[in-house]
Amino acid sequence: MSEPAHPDRLSDEQFRERFRAWLAANYPAELKQDSHRPFRRLRGDAAVAWLRRVRQAGWRAPAWPREYGGMGLSFRKQLIYHEELEHAGVARIIDLGETQLGPTLIQCGSEAQKAHYLPRILSCEDVWCQGYSEPGAGSDLASLRTSAVREGEAFIVNGQKIWTTHATDSTHIFTLVRTGKFAKKQQGISFLLIDLATPGITVRPIVNLAGEDEFCEVFFDNVRVPAAQLVGELDQGWTVAKALLGYERIWIGSPALAGKALELARTLVEELALTNDAGVMDRLAQLAADLHDYRLLYAEICDSIADGGKPGPDVSMLKVYASELLHRLTEFNQEVAAESGGIVGDARIGGALTDLHWQFMMARPVTIFAGANEIQRDILAKTVLGLPAEASARN
Amino acid sequence: MDDISAMLRDSAADFLEGRHDLSRLKGSIGQPQPVDRALWREMGELGWLGLELPESLGGSGMGLRESTVLAEQFGRSAFAAPYVAASLMPAVLLSFAGTPGASELAAALQGGDKLLTLAWQEKRDQLDADAPLARLQDGRVSGCKVFVPAVEDDGVLLVSVRDGSGLAVVAVAADASGVTREDFAAGLGAVSTLHFDKTPILFGASLLSGNTAQMALQRTLDAGRVALSAQLEGLGSGMLARTLDYVKGRVQFGRAIGSFQVIHHRCVDLYIAAQLAGASWRNALRAYEGGEDAGAAISAAKARCADTAQRIGREAIQMHGAMGFTEEADIGLYLRAGLQAYAWLGTPLQHRRRFMAIEAEAEHV
C-alpha cells in the first residue's frame, strides 16, 4: 500500500494522504518524538535502517530529480513531505549526503562523481558529514586554513576541522579547503570529497551540553586525496558551497521543532495544574501566538518559492526567528517546571515523563550553527534593509 | 495582489502624497481633533467610502480585501481620517440591513456628507457586542456608550441596544435631544463618551434586530479588527521606513549611525516583527472571507499588529534620538496614532486570551 509512484499524478492532498498512511504503518512507535524527547534524533545504525526502509518504499530523497534516483517532488510537495514527517513524530535525521552533498553534486559535480556517489548516498553505503568550520573559522568561515596542496594526481591535506556533526557515524566528509591565496579570502577555497578511512585522518568526538557526543574534531595529517575528488573548479569552492544556502536556510527555519516544544509546553501546564494561573497562561498564549504567526510567515515565503520564486536574502529571517522562538519555548518549559526544571535527565511530571534539561540544552546551538543569528542579522541589515556597512567590518 | 488592489494601493499612495500633511496635526496636543471634512469628501469622490456596501445599497460590491489595501496605506502615512471607524464598519453593518433608512444612510456614507459611527462599547477592554445595557423603549434610547470614535455634531450614531425581544441596532442623530457627549483627544483624532436619555431614533424603527443584528455586529467587529490590524502593520512598517531613512542620514562619530551593528540588529528585529504582522493579518483576512471560524485568526492578528506597531514606535523614537522626542519630528505622531489603535477593538492581552480559548476549544472538538 501507499506506493508513492508518480507523485506528479497525485494532487497535493492525495500525496499527503499516501505519505501519512505509509508513515503511520511503517514508522516504529518507539522511535517517535514525544513529550519525553520532543526533538528526538536518529543517528548511526538506527538512522541507516530507517532510511533504507524509506528507500525501499520509494520515499527517499524528495528533492532530488528522478533521473538521479530521487522523488523529483515539486517544492510544494516537499513542504507537505516535511509537514507529514513532523505530524507523524518522525525523529530528525541529519543526512547531509541527501540534503547537502547530493544537490551540490547534481549542480556542480562531474558525471563520474554523480554516477559514483549519488547511488551510494541513497543506499546509505556512504554516510557523509560536513567539514567546513575550523577552530579559527566559525562565523568567519572564509578564514579557513586547512590546506590542500596539489602533488601529482592528488591533493595533500593538512589541518583541522571542528563541530563536524556525526563524523564518528560517517564514512566520508565533504570539505572546504584552502588551495590558493588571493586578495579576497573567499577565493582560493576548494570543495573536496574525502574518504574518512584514508590514512592520516583522526576523528575525536566532543561531548556537548546535552551529554551527547555528536560533534567531532577531524584532524588531517598529510592526507592523500585523489585529485578527481575535487568538486567544481579549483579555488571556486566558496561558490559551490553557497549554491544551496538559500534552500538550507528555509529548512532550518522550519517551525517543526518549535511546534514540538509548544506541544510539550501545553502538556506541562496541564500536568503541573497551572491552567488557572493567568501569569503562566498569558506567557503561554504569547508563545502560542508567536508560533501561530510564524507558521503563517513561513508558509507565505514557502508558497512564493513554490510559485516559482527563488529564495532571497530575506530567508535569513526564518532561521533567526524560529531558533529564538525555540529558545523561548524551551525556557518556558524549564521555568514552569520549577525544581523539576533543574533535574539533569528524566523527570516525572504528573503523567508525563520528560527530559527538560535535554530539550533546553538541545535548543542552544540552533541560534549558533549554520551562521550565528548575529551573522544572519548582519546579512539582513545589508541586503534587505540597505543599511550601510560597518566601518570596521572586513568582507 | 490582484489588479484592483494594486490600483487602489497606487491611487491611495498618490492621494496621500498630495493631500496628506502631518504638520496639520501639530501644535494641538491634548485637544480632540475633528475630522477633516473636506478630505473626507474627497475620499468619497474617489469611491473609497462604503466600499463594502452591497450593490443593492448602491455599493461597488468590493469587500474587506480592498479596504485592507487602503487601511495599510493609511497606516504607512499615519493618515488621521477615521477610515475603519466611519467608513468600513458602518458599511459592513449596513450591508445586513434592508430598510429604507439603511439606503439613506448608505448614500450619506458614500458621498462623505455625514459621518456614521458605531456606538457599541459600554466598558473598557470589551470584546463582544452581544449584550448591551443600553435600552430601546417606545422609539427612544437610554444608556451609555464609551470610546466612540469619529463623532461629529452632524453625524449619525449606529447604536447597539436591547429592546423588548433582544438585540437591535438603531440610528440616532448625534445632536438629537437627550444626547450628552464628552470628547477626548485620542490617537490623532477623538473619542467620545455618549449618554443617551430617552433619545429619539431616526426612521422610527430599528435598522437591525434579533439574530441579524447579532450577526451584523459580529461581522462588523471582525471586519474592523482585520482592517485595523492592516492599518497597524502599515503604521509599524511606515515607522520602520522612516527610521531607516533617518539612521542612514544621521552622522555621528564621522559615520552614519545606520552603519553601527547595534542599529543594524535592532532594525532587523523590527523588520522581522513587521513581516510576522503582515502574515498574520493577511491570514485573518482569508479567514474572514472564508466566513466561519475566523475568531482565532482575527484575534491573533489584532494582538500581533497592535504589539508590533507599538514596539516599532517605541524603538523608532529611541533611534531618532532627541529629535524623536520633539513634536517637530513626525515619528511621534505615528506612535500616538498607534496608542489609540492598540487598544481600540480589544487589547493584545484580551485578544491573545481569546485566541488561546478558541484554539483550546477547537482541540477538544
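**Exercise 1. Is the crossing of α6(B) and α7(B) left-handed or right-handed, and which residues carry the contact of these helices?**

*Solution.* The structure is a predicted model. Begin with the geometry: the axes of helix α6 (residues 210-249) of chain B and helix α7 (residues 261-290) of chain B come within 9 Å of one another and cross at roughly 160°. That angle makes α6(B) roughly antiparallel to α7(B), given that angles over 145 degrees count as roughly antiparallel. The handedness of the crossing of α6(B) and α7(B) is left-handed.

Next, turn to the residues. On the side of α6(B) the contact includes Asp222(B), Ala223(B), Val226(B), Glu233(B), Gly236(B), Leu240(B) and Val247(B), while the partners in α7(B) include Ile263(B), Cys267(B), Leu270(B), Tyr271(B), Gly278(B), Trp281(B) and Tyr288(B). Sorted by class, the residues of the contact of α6(B) with α7(B) come to 16 nonpolar, five polar and two charged.

**Exercise 2. Determine how α1(B) and α3(B) are oriented, and describe their contact.**

*Solution.* Helix α1 (residues 3-19) of chain B and helix α3 (residues 64-76) of chain B have axes that come within 9 Å and cross at roughly 30°. This makes α1(B) roughly parallel to α3(B), since angles under 35 degrees count as roughly parallel. The crossing of α1(B) and α3(B) is right-handed.

For the contact itself, α1(B) contributes Ile4(B), Ser5(B), Leu8(B), Arg9(B), Ala12(B), Ala13(B) and Leu16(B), which meet Arg65(B), Glu66(B), Val69(B), Leu70(B) and Gln73(B) of α3(B). The classes in the contact of α1(B) with α3(B) are seven nonpolar, two polar and three charged residues.

**Exercise 3. Carry out the analysis for α4(A) and α5(A): how are these helices oriented to each other?**

*Solution.* The axes of helix α4 (residues 96-108) of chain A and helix α5 (residues 111-122) of chain A come within 10 Å, with a crossing angle of roughly 165°. Therefore α4(A) and α5(A) are roughly antiparallel to each other, and their crossing is left-handed.

The contact is formed by Gly97(A), Glu98(A), Leu101(A), Gly102(A), Leu105(A) and Ile106(A) from α4(A), together with Gln113(A), Lys114(A), Tyr117(A), Leu118(A) and Ile121(A) from α5(A). Divided by class, the contact of α4(A) with α5(A) holds six nonpolar, three polar and two charged residues.

**Exercise 4. Which element of chain B gives the most to the side that touches chain A?**

*Solution.* Start from the totals: 27 residues of chain B are in contact with 25 residues of chain A. The elements of chain B that give two or more residues to this side are α6, β10 (255-256), α7, α8 (295-319) and α10 (348-364). Of these, α7(B) gives the most, with twelve residues. The side of chain B that touches chain A has, by class, 13 nonpolar, eight polar and six charged residues.

**Exercise 5. Compare the radius of gyration of each chain with that of a compact globule.**

*Solution.* Chain B has ten helices and ten strands, and its C-alpha trace spans about 75 × 50 × 40 Å along the principal axes. For 365 residues a compact globule would have a radius of gyration near 21 Å, and the 21 Å of chain B agrees.

Chain A has twelve helices and twelve strands, and its C-alpha atoms fill a box of roughly 75 × 55 × 40 Å along the principal axes. The domain assignment of chain A gives domain 1 (7-93), domain 2 (128-237) and domain 3 (245-383), with 30 Å between the C-alpha centres of domain 1 and domain 2 of chain A.

How values were computed: Residues are numbered from 1 along each chain as its sequence is written. Chains are lettered from A and ligands numbered from 1 in the order in which they are written. This is a predicted model: local features need pLDDT of at least 70, side-chain atom pairs count only at pLDDT 80 or more; totals for chains, interfaces and linings use all residues. Axes are lines fitted to C-alpha atoms, for helices over the stretch in contact, and angles run from 0 to 180 degrees between N-to-C directions. Helices (H or I, at least four residues) and strands (E, at least two) are DSSP runs, numbered from the N terminus. Angles under 35 degrees count as roughly parallel, over 145 as roughly antiparallel, 65 to 115 as roughly perpendicular and the rest as oblique. A crossing is left-handed if the near helix is turned anticlockwise from the far one by less than a right angle, and right-handed if clockwise. Two residues are in contact if their C-beta atoms, placed from the backbone, lie within 7 Å. Ala, Val, Leu, Ile, Met, Phe, Trp, Tyr, Cys and Pro count as nonpolar, Asp, Glu, Lys and Arg as charged, and the others, Gly among them, as polar. Domain bounds come from an automatic or database domain assignment. The radius of gyration is taken over C-alpha atoms; the globule rule is 2.2 Å times the number of residues to the power 0.38.
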